Amino acid sequence: MTKNYETEAPGYTMTTVMEEAARCLLCHDAPCSQMCPAHTDPGKFIRSVRFRNLKGAAETVRENNAMGAICARVCPTEKYCELACSRTGIDKPIDIGGIQRFVTDFEQQSEMDILKKGEANGKSIAIVGSGPAGLQTATTMLERGYAVDIYEKSEKAGGYLTYGIPEYRLPADIVDYEIKRIINLGAKIHYNVTIGKDMMMDELKANNDAVIVAVGASEAKVLPMFEGNQYVESAVDFLARVKEANGNIKDLPTSAIVIGGGDVAMDVATTLKRLNVEHVTDVTYEQFDEFRASKKELEGTQRVGVTIVDGYVPDSIEGNAVTFKARNMDSKLTIKAEKVILAIGQQVNADNLGINIEHGVVPYAGYKTDDPKVFVTGDIAQGDQTVVWAVRKGKEVADLIDSELMGVQNND
Amino acid sequence: MIKKDLSVDFLGVHFENPFLLSSSPVDNCYEMCAKAFDEGWGGVVFKTIGPKHFVVDEVSPRFDELTKEGTPFVGFKNMEQIAEHSLEENLHDLKQLKENYPNKIVIASIMGTNEQDWEELAQLVTEAKADMIEMNLSCPQMTSHEMGSDVGTNPELVKKYCAAVKRGSDLPMMAKMTPNITDMIPAAKASLAGGAEGIATINTVKSISNIDLDKRVALPIVNGKSSISGFSGKAVKPIALRFIQQLRVAAGLEQLPISGIGGIETWQDAAEFILLGATTLQVTTSVMQYGYRIVEDMKNGLMHYMEDQGVDHLSELIGSANKNIVPAEDLDRDYKVYPKIDWDKCIGCGRCYVSCFDGAHQAITWDPKTRRPSVDTSKCVGCHLCNLVCPVGAITTGEKVMKPGRKGNAEDKQVESVRLTHF
Ligand SMILES: Cc1cc2nc3c(=O)[nH]c(=O)nc-3n(C[C@H](O)[C@H](O)[C@H](O)COP(=O)(O)OP(=O)(O)OC[C@H]3O[C@@H](n4cnc5c(N)ncnc54)[C@H](O)[C@@H]3O)c2cc1C
Ligand SMILES: Cc1cc2nc3c(=O)[nH]c(=O)nc-3n(C[C@H](O)[C@H](O)[C@H](O)COP(=O)(O)O)c2cc1C
Ligand code: SF4
Ligand code: SF4
Ligand code: SF4
């Protein structure tokens with residue numbers, strides 16, 4: 001029943017990955033590498049694959065990106081590395097994500113241990129939140145010799161990697177393996193601890209040289225008209241529930257309305273379909289030509305048979321009948337379904353963390369806060385809100401803190 | 001990133017790693033060699049320096065490539081001779097390289113037309129502070145028959161010129177051999193007799209790569225005509241490996257120090273040359289195609305290979321495969337091994353069927369309904385052509401049987417190998 005939900009698309013074999021790598025033009029000053037937010041250096045690792053040095057390829061990915069196996073699967077590559085690919089001048093970009101997945105799968109199968117803990121420098125840092133940003137920050141700090149404690153309010157680490165992105169796109173095994181690697185490197189993760197509630201910032205500050213807040217946008221946004229409606233559930237709650245139960249949830253409807261036009265909405269709609277919910281309609285504010293969801297995701301959603309109605313906003317709800325209004329026409333539309341799932345965005349809960357959040361991010365660029373000991377990173381820092389940007393922000397905040405605490409400049 | 005000691009000692013000289021640019025346009029001048037050193041090469045064999053009186057006059061265009069399906073540069077044909085820069089410039093560059101890169105190895109490649117030339121050139125490059133000399137006895141497209149492979153195929157001349165070089169210099173010296181010869185051993189022995197301490201091989205293989213079908217001229221077309229000239233790159237690797245193996249097992253040449261050349265592009269190629277007895281490795285064509293940066297993966301991959309093999313020094317690997325390559329008459333011919341077809345992996349293309357029928361022994365039967373092949377052991381000779389053509393690696397080695405009337409246990413026969421494309 002849940003096979004559809006659990007099964008990731010097959011990856012390359014040695015033969016097919018060489019065919020794809022052979023398409024790569026091995027560009028001078030590789031544009032793909034310049035466009036990777038986390039500097040994972042695809043130009044270099046594809047070259048290593050091409051010259052049959054898979055272990056070297058794995059080193060390049062891993063040393064630049066602690067979430068390498070995850071990024072390989074979930075990066076919106078068409079906005080980043082593949083957007084810049086010179087091969088597009090001939091036909092279509094190199095499947096950089098696919099090659100990266102092959103490389104990191106190889107890394108896992110051959111049990112390579114690439115990351116090395118730095119010599120202890122006697123300093124310690126605390127990280128609030130174990131999403132990709134917190135995990136990358138931890139990795140870089142451990143490599144530099146810091147002691148790292150991570151505080152996580154949930155039962156498991158990973159943030160949206162664990163509780164958001166569906167299994168068929170990102171298997172839990174992969175996420176667990178990446179996290180285990182970081183635990184093996186020396187990160188201590190304290191689960192079920194909400195900072196600001198179970199433990200206070202002052203305590204973290206007193207016991208550490210720096211505190212990094214990486215709490216992400218972990219709560220759903222709701223519109224007033226939907227509050228308290230028994231048919232309505234938020235996208236992130238629904239996805240977390242499905243992922244935790246590995247697809248085996250009991251109260252599946254036979255029809256559902258999904259409201260929202262981003263990747264999260266696509267994930268919800270596709271997940272419903274993969275769980276065999278017969279009628280799934282996604283209603284989006286955006287029209288197709290202004291879509292926010294990545295092309296890959298949108299296509300995946302359409303392929304599984306989700307009906308998409310674009311350019312409509314919710315107007316009212318009565319029981320389980322939602323009425324939408326067209327944005328650019330004088331037209332209304334009422335759809336009734338057993339379940340309504342809201343994917344209109346996530347918001348930050350920074351209660352008692354002493355951090356000012358406006359529109360989901362801190363109101364300044366960079367990672368410093370008013371408190372010299374406290375830093376922010378991940379989705380709550382300015383920049384794109386994607387996993388690869390979380391990695392970039394994790395590396396950058398670690399560099400910044402390292403140079404402040406040790407007085408050295410690291411620019412890798 | 002993995003760190004392993006790749007250093008080797010060759011003819012008494014210490015190399016930080018075995019990867020050298022071979023003598024060719026890839027190391028024509030100071031700037032090129034400096035960039036190559038910066039990118040990690042252990043040394044260079046500087047573009048062959050000739051005597052002042054020999055005027056180099058090159059053609060244009062001067063290259064061609066052999067392709068197969070979508071793959072460029074399967075092999076590479078060139079019509080170049082020796083250095084176009086002046087003798088003074090070249091000597092100056094050698095000296096400056098050694099001054100600015102004291103830990104890198106600078107080898108001077110030289111070529112004369114007579115004993116006096118060889119002796120003088122040897123003297124000049126020694127004064128320029130080169131670490132070692134390589135004698136180019138092997139360029140197949142010189143405009144003078146007193147130079148290049150016409151000399152290298154004549155053991156008497158080889159010995160005489162080696163002795164001349166030794167008179168001009170006490171630097172360690174290797175003779176670079178041509179593959180355009182049936183048996184390299186007499187020429188190699190002659191060079192050692194003349195004073196060479198080691199052998200570099202191979203230079204390029206005489207060739208015609210392609211013909212323009214309308215103009216009926218070989219490529220490249222030089223004002224309507226073309227010439228036979230040297231072939232290099234991946235396609236010549238098997239030829240190079242064969243010569244190196246033959247040298248290393250020839251009576252009196254065991255432990256011969258060899259600088260291996262010919263089609264090296266990956267760490268796997270490099271490891272193959274090392275296992276057959278090369279201590280240093282020289283590269284041109286793949287650098288011309290991809291640039292100096294290829295050395296990164298060759299070095300890194302070789303380090304991982306050493307780690308996998310549990311060795312700390314390359315010297316532990318050098319020549320360790322020589323003993324497993326024996327004359328054809330010494331091979332075990334008492335058994336055969338049948339292919340095993342994995343129907344789950346098989347995608348039903350039928351290529352094994354076609355190749356076995358048209359190119360082997362009609363031993364694969366084809367079920368047109370299920371599109372699955374089976375092996376008819378009454379006809380199969382165990383050649384494993386099917387294994388090589390299968391696009392998905394569905395065919396491996398299966399049951400081993402003794403031929404009728406032969407003694408021995410078939411199960412003990414070792415035939416398995418993980419094909420490079422399918423690991
Ligand atoms: C459904 C969905 C699909 C997505 N798909 C993609 C995709 O395909 N590609 C992509 O690049 N990005 C995707 N994203 C976005 C991506 O997941 C985020 O950008 C990324 O997870 C942000 O990382 P983070 O570490 O900043 O925060 P999060 O991943 O949100 O992690 C924050 C962590 O902090 C913990 N926390 C919060 N408050 C506290 C507290 N007070 N005390 C202790 N712990 C706390 C949370 O429990 C959580 O574990 C998706 C997001 C969602 C929701
Ligand atoms: C364009 C070109 C020029 C070359 N010039 C020289 C030379 O001047 N002296 C020499 O000893 N070999 C010369 N060679 C031969 C190479 O050094 C090398 O022996 C041969 O190309 C095989 O190695 P490869 O397959 O790595 O290219 C030349 C080869 C090429 C392709
Ligand atoms: S830009 Fe594209 S073609 Fe060029 S190196 Fe990167 S992946 Fe290869
Ligand atoms: S490769 Fe450079 S030198 Fe050769 S023809 Fe082209 S531009 Fe001229
Ligand atoms: S070549 Fe391989 S894939 Fe094709 S039919 Fe034969 S066994 Fe099957």
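Predicted model: local features only at pLDDT ≥ 70, side-chain atom pairs only at ≥ 80, totals over all residues.
**Helix α4 of chain A**

I began with the buried residues of α4(A): A:Pro42, A:Gly43, A:Phe45, A:Ile46, A:Arg47, A:Ser48, A:Val49 and A:Arg50. "Buried" here means under 20% relative accessible area, "exposed" means over 50%, and "partly exposed" is in between, with a 1.4 Å probe and protein chains only. That makes eight of the nine residues in α4(A), so I noted the helix as mostly covered. Helices (H or I, at least four residues) and strands (E, at least two) are DSSP runs, numbered from the N terminus.

Residues are numbered from 1 along each chain as its sequence is written, chains are lettered from A and ligands numbered from 1 in the order in which they are written, and side-chain values use heavy atoms, with hydrogens and water left out.

What do the buried residues of α4(A) pack against? In chain A I found α2 (14-23), α3 (31-35), α5 and α7 (96-109), and in chain B α9 and α10 (294-309). After α4(A) comes A:Arg52, with a positive phi near 60°.

I also checked the UniProt record. An unreviewed entry carries the annotation "domain: Dihydroprymidine dehydrogenase" for residues 3-111 of chain A. UniProt positions are given in the numbering used here, feature names are shortened, and annotations may be inferred rather than shown by experiment. In the model, that span is 55% helix and 0% strand, and its end C-alpha atoms lie 27 Å apart.

**Aromatic rings**

I looked up the aromatic pairs next, and over all chains there are 11. Rings of Phe, Tyr and Trp (its six-membered ring) pair if their centres lie within 6.5 Å; planes under 30 degrees apart count as stacked, over 60 as edge-to-face and the rest as tilted. One of the pairs is A:Phe51 with B:Tyr290, edge-to-face at 4.9 Å centre to centre and 80° between the planes. This pair crosses between chains: A:Phe51 is in the loop between α4 (42-50) and α5 (54-64) of chain A, and B:Tyr290 is in helix α9 (residues 285-290) of chain B.

Why is the pair of B:Phe73 and B:Phe76 called stacked? Because the ring centres are 5.3 Å apart and the planes are at 10°. B:Phe73 is partly exposed at 21%, while B:Phe76 is buried at 6%. Together with B:Phe63, these two form one aromatic cluster.

**Charges over rings**

I then looked for Arg side chains over rings. A charge sits over a ring if NZ of Lys or CZ of Arg is within 6 Å of the ring centre and within 35 degrees of the ring normal. A:Arg274 lies over the face of A:Tyr168, 4.1 Å from the ring centre. The charged end of A:Arg327 is over the ring of A:Tyr285, at 4.0 Å from its centre.

I found a cis peptide bond between B:Ser60 and B:Pro61, with omega about -10°. B:Pro61 is in the loop between β4 (43-49) and β5 (63-68) of chain B. Another cis bond joins B:Leu219 and B:Pro220, with omega about -5°. For B:Pro220, the place is the loop between β13 (217-218) and β14 (229-232).

Positive phi came next. B:Glu69 is not a glycine, yet its phi is near 45°. B:Glu69 lies in the loop between β5 and β6 (71-78) and is exposed, with a relative accessible area of 70%. B:Arg371 has a positive phi of about 50°, lies in the loop between β18 (364-367) and β19 (372-375), and is partly exposed at 41%.

I found B:Pro339 in strand β17 (residues 335-341) of chain B, buried at 11% relative accessibility. Leaving aside neighbours within four places in sequence, its contacts (heavy atoms within 4.5 Å) include B:Val375, B:Cys380 and B:His384.

Last, how many residues surround ligand 5? I noted 13, each with a heavy atom within 4 Å of the ligand. The closest are B:Cys346, B:Cys349, B:Gly350, B:Cys352 and B:Cys390. By class, the shell has 11 nonpolar, two polar and no charged residues. Ala, Val, Leu, Ile, Met, Phe, Trp, Tyr, Cys and Pro count as nonpolar, Asp, Glu, Lys and Arg as charged, and the others, Gly among them, as polar.
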